[in-house]
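The sequence and the structure are shown first, and the description follows.

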Amino acid sequence: MGRFYLWTVFALRAVRRSHAMRRLLAVAAALVAIIPAAPAAAALPSGLVFYRYEHGVAIHSPYARQTVDPNGQFSVSQDGRKIAYVDINGKVHVKAGTVDKIIASGAVAGTPCATPAWSPDGTKVAYAVMSTEGSAPIAVVGADGKGRKTVGRTYGVCHLAWSGNGRYLAGYTGTTDGVHVLDITTGKSRKAKGVGWTNHVQSLSPDGRKVVYRPLGRNTEGGDGTWPLWYTPRIVDTVTGKRVVPPVKGTLIGAMYLNDGRLAVRVKGATRNTVVVLSPGFKVVRKISEPVQYRKYALLRVL
């Protein structure tokens, strides 16, 4: 490119007549046309939402790229268009594009693990309410700020996940020693069987029975409770304690249930990761190749 530039400068100095100038510029334009352009950034697949921590939480969805409060208590709606988050003062926000609305107050704040959760239809937000005990009340409020009510009390207040049938919420304890499932119809909470130490709950199956979480060793540091960028997922039936193993080859770095019962599994790649979507019967129904630049981002949701 440097030689081309110098050749052009010297040639322009030597040319005095206008028609010669036009010929030279035409040649230069032709040469520039054959030089490869820098590749454009890959488009974000329509079904994926990513995030990472950079001066707050940067969330990249097919609809927008937004940054929310650095406190880290956030979640994204099922359609990927709205973000719920809790600020340092315990106020619950819903952000959609440039509109940021406070819909509730009194939430557990300053603790990254106490994230809010969206209902499967995207009309409500659940969050843990400040409490002086190890367990905490869980409140549900409309995304418009209306209809707030307390649905029960549970020890599983961290990284709340809402089942596809709308009946169950699950989260891990602040002491990382288990997962608790809350039935918001009855208000009763139970400890999940088969789940040991954990510092992340990703999702629940539609019937609320199976949980996807990140297992920890007994002596593993629990961390500060932020959403992990990637993790080895484990799936357990919370009633029987039986482990569920998806038939996906490779190094798994995430998984989540979709509202219709499909299971999305994230597989690590050398240059790009792949999301494998399985039917409830564990048949592969779709494979999504992630853009290269999102390889080291966290996958927050599969739409």
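A residue counts as buried when its relative accessible area is under 20%, as exposed when that area is over 50%, and as partly exposed in between. In this predicted model, strand 24 is mostly covered by that criterion, since five of its five residues are buried.

**Overall architecture**

The protein chain contains two helices and 24 strands, and 50% of its 303 residues count as buried. Among contacts between residues at least 6 apart in sequence, 42% join residues that are at least 24 apart. The accessible surface of the protein chain comes to about 15100 Å², and carbon and sulfur atoms account for 55% of that surface.

Strand 24, which covers residues 298-302, is paired with strand 1, which covers residues 48-53. The two strands run antiparallel and are joined by four bridges, and within this pairing F50 stands opposite L299 of strand 24.

**Cavity and pockets**

Rolling a probe the size of a water molecule over the atoms shows where empty space is left. For this model the count comes to one cavity of 30 Å³ or more.

| Space | Volume | Lining residues | Nearest the centre |
|---|---|---|---|
| Largest cavity | about 110 Å³ | 16 residues | Q202, Y231, I253, G254 and L299 |
| Largest pocket | about 370 Å³ | 24 residues | Q78, Q202, S203, Y257 and R301 |
| Second largest pocket | about 230 Å³ | 19 residues | G134, S135, Y155, V157 and G174 |

The largest cavity, with L299 among the residues nearest its centre, receives two or more lining residues from each of strand 16 (197-204), strand 20 (252-257), strand 21 (263-267) and strand 24 (298-302). Strand 20 gives the largest share of this lining, namely four residues. By residue class, the lining of the largest cavity divides into 12 nonpolar, three polar and one charged.

In the largest pocket, two or more lining residues come from each of strand 4 (73-76), strand 8 (117-118), strand 12 (158-162), strand 16, strand 20 and strand 24. Q202 is listed among the residues nearest the centre of the largest cavity and also among those nearest the centre of the largest pocket. The lining of the largest pocket divides into 15 nonpolar, six polar and three charged residues, while that of the second largest pocket divides into seven nonpolar, nine polar and three charged residues.

Most residues other than glycine have a negative phi, and most peptide bonds are trans. With a relative accessible area of 0%, H159 is buried.

F282 likewise is not a glycine but has a positive phi, in this case of about 70°. F282 lies in the loop between strand 22 (274-278) and strand 23 (284-289), and because its relative accessibility is 26%, F282 counts as partly exposed.

How values were computed
Residues are numbered from 1 along each chain as its sequence is written. This is a predicted model: local features need pLDDT of at least 70, side-chain atom pairs count only at pLDDT 80 or more; totals for chains, interfaces and linings use all residues. Side-chain values use heavy atoms; hydrogens and water are left out. Buried means under 20% relative accessible area, exposed over 50%, partly exposed in between (1.4 Å probe, protein chains only). Contact means heavy atoms within 4.5 Å. Accessible areas come from the Shrake-Rupley method with a 1.4 Å probe; for residues, only the protein chains shown count as cover. On a 1 Å grid over the protein atoms alone, a cavity is a set of points where a 1.4 Å probe fits but cannot get out, and a pocket is an open set with protein on both sides within 12 Å along at least five of seven lines; lining residues have an atom within 4 Å of a point. Grid points are joined across faces, edges and corners, and a volume is the space filled by probe spheres set on the points. Ala, Val, Leu, Ile, Met, Phe, Trp, Tyr, Cys and Pro count as nonpolar, Asp, Glu, Lys and Arg as charged, and the others, Gly among them, as polar. Two strands pair if DSSP finds at least two bridges between them.
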